[in-house]
Amino acid sequence: MSRPRVVIAGLGETGVLTAVRLAGRYDVVGISSKPALVSGQELGLRLTRPDWWARDYHHPFERLRGLDGVRRVHGELTGLDLEARTVRVTLPGGDSVEEPFDVLVVSTGVSNGFWRRPELETPDQVAAGIDAAHRRLAAAASIAVIGGGAAAVGTAWNAAHVWPDKQIDLYFPGERALPAHHGRVWSRLRGELDAAGVGIHPGHRAVLPDRVDEITDGPVEWSTGQGATSADAVLWAIGLTRPNTGWLPPGLLDDRGYVRTGLDLVVPGARGVFAIGDVAATDPLRSSARNFTFKLLARNIRAHLEGRPLRTFTPPKRRWGSVNGYQDDGLVVFTAQGQRLRIPRLPVDRLVRAHVVDRGYYRGVRR
Ligand SMILES: Cc1cc2nc3c(=O)[nH]c(=O)nc-3n(C[C@H](O)[C@H](O)[C@H](O)COP(=O)(O)OP(=O)(O)OC[C@H]3O[C@@H](n4cnc5c(N)ncnc54)[C@H](O)[C@@H]3O)c2cc1C
């Protein structure tokens with residue numbers, strides 16, 4: 001008897017983790033517009049120290065042992081037929097194929113700025129994009145970071161520490177940055193940014209230029225009344241995310257275009273369809289990319305196929321995790337209660353990276 005076929009639509013962070021956990025048990029097919037796992041995490045590290053970032057966040061698929069049992073299709077998802085139970089994929093040459101499924105996992109994420117784009121890319125194009133953004137910032141004497149979320153704060157922090165001679169400024173509309181984190185996280189990081197010489201500018205809401213998905217150099221105008229600001233490089237990290245759901249029937253989406261998803265990761269009204277990650281409207285913070293929810297998803301897919309009841313997850317009310325990424329002296333993680341935990345480099349290397357991430361998440365990484 002043939003095994004149930006599970007199609008993972010989007011092999012980014014959550015798609016890969018889910019595929020790894022289902023491989024071997026089912027006939028798993030992973031569809032991805034990228035030839036590698038290119039994480040959306042730790043933008044600041046990626047821009048300032050791309051090689052260091054790549055060690056943890058950029059993995060060609062063939063390096064991940066956990067994907068050995070997954071058939072990978074490099075192409076762009078362009079349609080879903082719920083009746084026929086197939087997805088349509090446009091391949092790099094322009095041909096289309098249909099992939100049938102018993103279970104479909106929607107994990108196509110969101111587009112955000114220049115660093116998270118859904119287009120089809122070759123390995124060289126992925127590498128060239130990462131390198132070009134790094135060179136652009138490295139060549140600038142002054143950098144303005146617009147935005148108050150983790151990507152903006154982490155970018156300002158890393159730029160100030162890697163390039164102490166540059167003028168770095170951080171502009172955001174509210175009284176404080178990191179509004180989705182506990183207040184203590186911003187208090188702490190604000191002190192560190194101050195100490196590193198970053199100019200901090202609350203109460204600045206930028207007038208958006210035509211393109212915010214590239215690094216710009218024109219003056220920034222403010223709708224909050226301040227005079228225009230100039231910098232050699234202006235980085236827009238304003239959280240203007242767009243769900244990558246143009247290929248899905250509108251009936252599956254909420255009014256902002258995200259996939260309607262229960263806390264059991266089921267897409268209501270679509271038998272055997274699940275969603276996870278930034279694309280899944282499970283809760284106000286859309287937090288199913290974090291909190292080990294991929295384990296729940298793998299379990300619920302098994303339960304669905306075996307006719308057992310599904311479980312749900314409890315979304316956190318606040319953001320938690322790392323803001324600045326892995327540094328030479330280790331990793332700082334902020335809890336949802338705002339506590340700061342610093343894990344020194346040796347335990348991060350030996351325990352977190354080697355055991356938890358490389359072995360636990362990916363079942364081994366070929367270096
Ligand atoms: C273990 C873990 C730890 C995390 N820790 C933190 C943390 O500390 N702090 C924090 O802020 N966040 C953290 N996050 C969350 C993270 O920042 C993002 O939320 C996460 O990267 C989103 O994953 P995703 O799979 O939804 O999207 P993505 O990783 O963006 O994956 C989507 C994929 O789908 C592809 N795709 C899109 N459209 C198509 C299409 N039409 N056809 C084919 N492919 C397509 C994209 O190219 C991409 O490869 C963590 C996530 C994980 C998994």
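How many cavities of 30 Å³ or more does the count come to by this rule? The count comes to one cavity of 30 Å³ or more. The rule works on a 1 Å grid over the protein atoms alone: a cavity is a set of points where a 1.4 Å probe fits but cannot get out, and a pocket is an open set with protein on both sides within 12 Å along at least five of seven lines. Lining residues have an atom within 4 Å of a point. Grid points are joined across faces, edges and corners, and a volume is the space filled by probe spheres set on the points.

The model is predicted, so that local features need pLDDT of at least 70 and side-chain atom pairs count only at pLDDT 80 or more, while totals for chains, interfaces and linings use all residues. Residues are numbered from 1 along each chain as its sequence is written, and side-chain values use heavy atoms, with hydrogens and water left out.

The largest cavity holds about 30 Å³ of space. Its lining consists of Leu285, Ser287, Arg290, Pro316, Arg318, Arg319 and Trp320. By class, that lining divides into three nonpolar, one polar and three charged residues. Here Ala, Val, Leu, Ile, Met, Phe, Trp, Tyr, Cys and Pro count as nonpolar, Asp, Glu, Lys and Arg as charged, and the others, Gly among them, as polar.

Two or more lining residues come from each of helix 5 (150–162), helix 6 (183–195), strand 19 (331–334) and strand 20 (340–343). Helices (H or I, at least four residues) and strands (E, at least two) are DSSP runs, numbered from the N terminus. The lining of this second largest pocket has seven nonpolar, six polar and six charged residues.

Buried means under 20% relative accessible area, exposed over 50%, and partly exposed in between (1.4 Å probe, protein chains only). From Leu17 to Val126 the separation is 109 residues in sequence and 21 Å in space, C-alpha to C-alpha. Pro118, in the loop between strand 10 and helix 4 (123–138), is partly exposed at 33%. Pro118 and Leu341 lie 223 residues apart in sequence and 34 Å apart in space, C-alpha to C-alpha.

Two residues other than glycine have a positive phi. Glu42 has a phi near 55 degrees and lies in the loop between strand 3 (36–38) and helix 2 (43–48); at 11% relative accessibility, Glu42 is buried. Leu178 has a phi of about 50 degrees and sits in the loop between strand 12 (167–171) and helix 6. Its relative accessibility is 1%, so Leu178 is buried.

Two side-chain contacts remain. A polar contact is a pair of N or O atoms within 3.5 Å; within protein, one must be able to donate a hydrogen and the other to accept it, and residues adjacent in sequence count only if both atoms are side-chain atoms. Ser111 is in strand 10 (residues 110–111) and is buried at 5%; its side chain makes a polar contact of 2.6 Å with the side chain of Asn244. Thr229, in the loop between strand 13 (199–201) and strand 14 (233–236), is buried at 13% relative accessibility. The side chains of Thr229 and Trp222 are joined by a polar contact of 2.8 Å.
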